[in-house]
Structures are given as structure tokens and as C-alpha cells.
Amino acid sequence: KYELIILESGSIKETLKGSIRFNPRNFIINPGEEQIVRFTINPFDSTDKLFERRGIIFFEHVDEFDGSEEGVGASVVSMIGTTVYVIPENQGFTFNLLDSLILKRDDGEYIGAVLTHNDSQRHVRFNIDYKIIDENSKLIKEGRTEERVVLPGEERGLMFLLEYDFNPGNYELVLDFKFSDARETLTDIIEFQIE
């Protein structure tokens, strides 16, 4: 939904709560210093249905200002987070392209749009390499989208600006979906006309 939803730790079935340990757990570093943090994930009960587990690890620092000079105290909390995915070994994925089309914005620019679905028990990461071919089979533009993530069981749309000054005519948009951890690709072709 493109909005931040904060959930209580351990409230989703994919949680890593109780299964992840850190070393060190608490530390303070000064500017320019480094700290390696190792983490270990305990094996999950083999009787459970195997599915991806995930969680966000936050590194947090709190600065306290007592306000003795200005008269107002404050706390500033800085957080840096990273997502950890734990995927069962040899867990494949099923990725579906539900729809693909070309949209015209009010300002006259054209957008490629796709709707995808991940019917797997693990997340999928992909980029789209795209090519625009004119009616004479000439390549007139190519590009690559940013990497996207689709969580298990989710649908996700992706739109990207074609950034080309089209002349009237017939065109094809060739989409090659490239997955970060698979050799297979998915190709789709959208035929469209500019009047």
C-alpha cells in the first residue's frame, strides 16, 4: 500500500523473534569507527511447513539534550535498519505477470505498467530490462528499472517512464524480467500505437 505500517515484534507468522541472536547486542561507536555485528539464526522446527522468515534489524542511537541552556530538553533517536530474509534451502518461487500495458499521462508522457503476483513461500527480487522497438523493427530506446521486491502471496504494480519523444506509429515494448537469484527470465511484449 506504499505506506509504513508498524507491527508488534513477533506478530506475523514470518517473524524471527526468538530465533535470532546478536554478538554484540549493545555497543557504541564514535564517528569514523566500525563495528562488526554477527547474528545467528536457530534452525526452525522441521515439522513446521517451510516458508520464508524475515525481520528488520535496527541499529539505534539516542542523543539526549538536557536543555539547560535553552530551557527545553529533547531526545533524538537515529535508526538505521536492514531486512534479513531466511529462506529454506532449495526453496523455489512462482512469479506471475498478471497484466502489462502502456499508459499516457496528462502531460503527454508514456508509462510502462505491469502488475505482478508472487505465488510463493518466499520473496522475489527482479528488475525489468526494457526495449522500445519501432514499426521498422529498429531499437529506439532501452533501459532498466530499479530492483523491486514482491513478498510471498502479494501483488505489486510497477510503473516506469518511457522517456522518449514518440512520433505517430506502431511500437513494441519488450519486457525482460530478470530475477536476482534465478537464471530463468520472463519476457512479455506490449504492442501499442501512438496517434
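Let me start with a term: a residue is buried under 20% relative accessible area, exposed over 50%, and partly exposed in between, using a 1.4 Å probe and protein chains only. By that rule M79, at 45% relative accessible area, is partly exposed.

Before going on, two notes. This is a predicted model, where local features need pLDDT of at least 70 and side-chain atom pairs pLDDT 80 or more, while totals for chains, interfaces and linings use all residues. Residues are numbered from 1 along each chain as its sequence is written, and side-chain values use heavy atoms, leaving out hydrogens and water.

Now to the rings. Phe, Tyr and Trp rings (for Trp, the six-membered one) pair if their centres lie within 6.5 Å; planes under 30 degrees apart are stacked, over 60 edge-to-face, and the rest tilted. How many aromatic pairs does this rule count? The answer is 13. In one of them, the F93 and F179 planes meet at 55° with centres 5.3 Å apart, so that pair is tilted. F93 sits in the loop between β4 and β5, F179 in strand β11, 86 residues away; strands here are DSSP runs of E, at least two residues, numbered from the N terminus. F93 is partly exposed at 23%, whereas F179 is buried at 11%.

Another pair, Y171 with F192, is stacked, at 5.6 Å between centres and 25° between planes. Both Y171 and F192 are buried.

Finally, please look at H117 in strand β6. Is H117 buried or exposed? H117 is buried, with a relative accessible area of 16%. Leaving aside residues up to four places away in sequence, H117 touches several others, including T94, F95 and E154, where contact means heavy atoms within 4.5 Å.

Conventions
Helices (H or I, at least four residues) and strands (E, at least two) are DSSP runs, numbered from the N terminus.
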